[in-house]
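User: I've got a structure open and I'd like to work through it with you. Can we go one question at a time?

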Amino acid sequence: MRAGFPDFRLGNVLATSFTGTLSERHGDAVERIPTPHRLIDWLAVNGLAVDSCTTAQLDLARELRESIHAAATAAAIQDALPASAVQVINDCSAQGRAAAILTPEGKRRWRLSSASCVEDALSVIAADAISIIAGERDGKLALCASPTCQAAFFDTSQSRTRKWCDMNTCGNRQKKARFNANQRKNPRSAE
């Protein structure tokens with residue numbers, strides 16, 4: 001990991017973790033892949049190691065990220081999917097040469113082409129987005145309840161009532177704010 005950059009927010013779902021590379025979209029936005037090398041880092045952490053990345057490939061990755069976010073947000077609120085977002089997701093899915101492989105441990109991994117290019121990795125992310133937006137996986141798309149975040153996330157909790165994209169960030173921040181507001185209303189309860 002390169003020092004001097006914000007930590008990645010890693011999740012269990014590749015596509016929504018990728019959209020989390022831009023957080024606090026409705027507040028002070030935090031860009032977690034500001035450089036091509038930082039995108040290489042994120043892809044490596046997520047099992048999609050590539051050899052290099054150009055500025056144009058970083059721009060394509062960000063376009064895919066925003067398209068996934070737009071489509072996932074629309075799906076979460078049961079709105080029509082934006083045609084331009086669907087087009088970008090489909091184009092990225094079709095561009096790559098990645099293959100699913102089975103490990104001896106029974107896990108699925110992705111094998112990128114021998115040239116290991118960013119487009120191959122983006123095709124895997126796009127395919128993951130398609131599977132969750134199309135409803136092919138057990139879970140539901142939801143939006144983070146934090147007013148500054150509102151990230152799309154894939155809720156696989158048993159009740160499908162999760163409120164936060166990440167309990168360790170958005171959830172704790174909201175609970176702390178609620179606690180502090182209650183303390184200001186009832187200062188004696190702290191004694």
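User: Is Trp-42 buried or exposed?

Analyst: Keep in mind that this is a predicted model. A residue counts as buried if its relative accessible area is under 20%. Trp-42 comes out at 0% relative accessibility, so Trp-42 is buried.

User: Which aromatic residue pairs with Trp-42?

Analyst: Searching the whole structure turns up 1 aromatic pair. Its two rings sit 5.1 Å apart, centre to centre, and the partner of Trp-42 is Phe-18.

User: What kind of pair do Phe-18 and Trp-42 form?

Analyst: A pair of aromatic rings is described by the distance of the centres and the angle of the planes. Planes under 30 degrees apart would be stacked and over 60 edge-to-face, with the rest tilted. For Phe-18 and Trp-42 the angle is 55°, and the pair is tilted.

User: How many residues apart are the two partners in the chain?

Analyst: Phe-18 belongs to helix α1 (residues 14-19), while Trp-42 belongs to helix α2 (residues 36-45). Phe-18 is buried too, at 0% relative accessibility. The pair links distant parts of the chain, and the separation is 24 residues.

User: Which residues of α4 does α3 meet?

Analyst: On the α3 side, the contacts come from Leu-60, Glu-63, Leu-64, Ser-67, Ile-68, Ala-70 and Ala-71. Across from them in α4 are Ala-85, Val-88, Ile-89, Cys-92 and Gln-95.

User: Is Glu-24 buried or exposed?

Analyst: Glu-24 lies in the loop between β1 (22-23) and β2 (30-31). Its phi is near 55°, a positive value in a residue other than glycine. With a relative accessible area of 11%, Glu-24 is buried.

User: What is the relative accessible area of Gln-150?

Analyst: Gln-150 is in the loop between β5 (140-143) and β6 (152-155), and its phi is also positive, near 55°. Gln-150 is partly exposed, and its relative accessible area is 32%.

Methods:
Residues are numbered from 1 along each chain as its sequence is written. This is a predicted model: local features need pLDDT of at least 70, side-chain atom pairs count only at pLDDT 80 or more; totals for chains, interfaces and linings use all residues. Side-chain values use heavy atoms; hydrogens and water are left out. Rings of Phe, Tyr and Trp (its six-membered ring) pair if their centres lie within 6.5 Å; planes under 30 degrees apart count as stacked, over 60 as edge-to-face and the rest as tilted. Helices (H or I, at least four residues) and strands (E, at least two) are DSSP runs, numbered from the N terminus. Buried means under 20% relative accessible area, exposed over 50%, partly exposed in between (1.4 Å probe, protein chains only). Contact means heavy atoms within 4.5 Å.
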